[in-house]
Amino acid sequence: MWSTHQFWWGLLTALGIEPDAIAFSSDTSDEQNREFGKGRGTVDCCYPVKCMSGHYGELLFGQKKKLDVLLSPMITSLPSFLKGAVVDTLACPRVMAAPENIKAGFLKERDLFAENGIRYVAPLVSLGEPRIVPKQIHQALKDVLPGLTLEETRRAVEVGYRSLEAFNARARKKSRDVLEWCAREDKPCLLVLARPYHMDPGIGHEIEVDLQAYGYPVLWAQYLPTDSDLLEWIFGHEVRTGTIRSPFDISDVWPSSYSSNTNEILWAAKFGARVPWVACVVRLSSYECGMDQPTYTPVQQIVEGSGTLFFSFQDLDATKPGGSVKIRVETIAHYLETYSAGIIAKKLATTREGCPLLGGNEARPSPRDERAADWSAGRPAEDRPQ
C-alpha cells in the first residue's frame, strides 16, 4: 500500500465510489496493535506482516462508520521504473501472501468478518503486468459491485495507473528540487535506502525524521528523479562504454534482479554513490527480512566505494530503543557536519562537467521527455497504461 495506494484510490473513485466512503487504516503503532490486533496474530517472522493484524482489527472494529468491504489485495508484482532493465519486478512473497496469512487470525475462533457484516476481498493482482490486471480485479469485484463490466474495470484500471504515475512524478519532481537546491547551495543531503513500508512511522520509527531535524534534506530511494538529462550525466559514460546497457541497468552489481524493491534499493545505491551532494546513505531494514539480507554487503560496498558515508539500522521491529537511536542519529549528524564538505568536493572532482542540477529549471526536460525516460528501460508498448 505504501507504494501503490494511489492506484487503488484512482481505481475505486473511477468505479464510482465516493472518496469519503474509502477508509485506510492509520499508521502502524503499538497502541493500534494492542487495541485491535492482540491475540489475532499469525506466525510470521516478518515484522511488517505481523503489523497487519492491528490494521485489520482497526478496520473491523475501530471505524466510526462500519465498513461494507475490506479490500486487501495480494500484489504479486509491482510497477517499477526499472521494468525492462531487470529480470522482473516481483513483490516479496511474504508480503504478497500476507492478506491470507493475517485473515486466518480473524477466523480461528469464529468468522469476525461475517459477524460484522463485512465482505473480505483479497484479489491476486499483478500490478507489474497491466494487461492482465483488469481481468484480475473484475473477477474479485464483480460480486461486490453488481453490474460491473470488464470494460468498466479496464477503464478504471487505466485511471488507477495514471493516478499512481502522477503521484510518482510529483514525488520525483520534489526530489529533483531538493537535489537542485543542494547543488546550488553546495549542501549535503541524505538518501534513505529502505522498503516503502519503512515510510510508516511505526515500522521505520521515523529515523529519517530525526535526521531531518538536524537540517539535512532527506530523499527516498523509490522517488529519486529519473529525468533523462540527469541520468545521462550520471550514467551516460557507463552506457557508452558498455559497462551497463541503460541508466536503469543493475546487472553490474546485482544479476539476480527479480525483486522490485530489492532492485530499486540497489539502483538507488548506485545513484547515491555517483551524485556528489548525496553525502550520506542510511539503510533501514526490518527484523529477519530474508529479501534484504543478501543485499547488505553489496549496497554498503557500492556506497562506501565512492567515499559516501554509510549507516544502517537493521532488524527494526516493534521495539524502538530511543536512547540508542538518538545516539546513532547524533553520530550521523556529527559525521555529516565534519566530513560532508570534503565528500562533496571529492565526488565532484570525479564527475563530468555540465551537471543539469546546476542549470535549474532550464535544464529540466519537458514532461513528455520525463515520461519517455520512464519508459526508456524498454517496457513493452502493450504494457504501458494508456
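This is a predicted model: local features need pLDDT of at least 70, side-chain atom pairs count only at pLDDT 80 or more; totals for chains, interfaces and linings use all residues.
**A loop residue, a helix pair and a parallel sheet**

I22 touches W9, L12, T13 and I17, leaving aside residues up to four places away in sequence. I22 itself is found in the loop between α1 (5-14) and α2. Is this residue buried or exposed? Its relative accessibility is 16%, and because buried means under 20%, I22 counts as buried. One of the residues it touches, L12, lies ten residues away along the chain, and the C-alpha atoms of I22 and L12 are separated by 8.2 Å.

Helix α2 (residues 30-37) packs against helix α3 (residues 47-61) at an angle of about 65°, and their axes are 8 Å apart. The crossing of α2 past α3 is left-handed. On the α2 side, the meeting residues are Q32, N33, F36 and G37, while α3 contributes C51, S53, G54, H55, G57, E58 and F61. What kinds of residue make up this contact? Three are nonpolar, seven are polar and one is charged.

A sheet comes next. Four strands, in the order β6-β5-β7-β8, form an open sheet with parallel pairing. At its edges stand β6 (218-220) and β8 (309-316), each of which pairs on one side only. From one strand to the next, the twist averages 20°. Within the sheet, β5 (residues 189-193) and β7 (residues 278-286) are joined in the parallel sense over five bridges. Here L193 has R283 of β7 standing opposite.

Two helices lie across these strands. Helix α11 (residues 260-274) lies across β5 and β7, and runs at about 160° to β5. Helix α12 (residues 296-304) lies across β5, β7 and β8, running at about 160° to β8.

Which residues of α12 are buried? They are Y296, V299, I302 and V303. Viewed down the axis of α12, these buried residues fall within an arc of 140°, so they line one face of the helix.

Note on methods
Residues are numbered from 1 along each chain as its sequence is written. Side-chain values use heavy atoms; hydrogens and water are left out. Two strands pair if DSSP finds at least two bridges between them. Axes are lines fitted to C-alpha atoms, for helices over the stretch in contact, and angles run from 0 to 180 degrees between N-to-C directions. Contact means heavy atoms within 4.5 Å. A crossing is left-handed if the near helix is turned anticlockwise from the far one by less than a right angle, and right-handed if clockwise. Ala, Val, Leu, Ile, Met, Phe, Trp, Tyr, Cys and Pro count as nonpolar, Asp, Glu, Lys and Arg as charged, and the others, Gly among them, as polar. Buried means under 20% relative accessible area, exposed over 50%, partly exposed in between (1.4 Å probe, protein chains only). The arc is that of the directions from the helix axis to the C-beta atoms.
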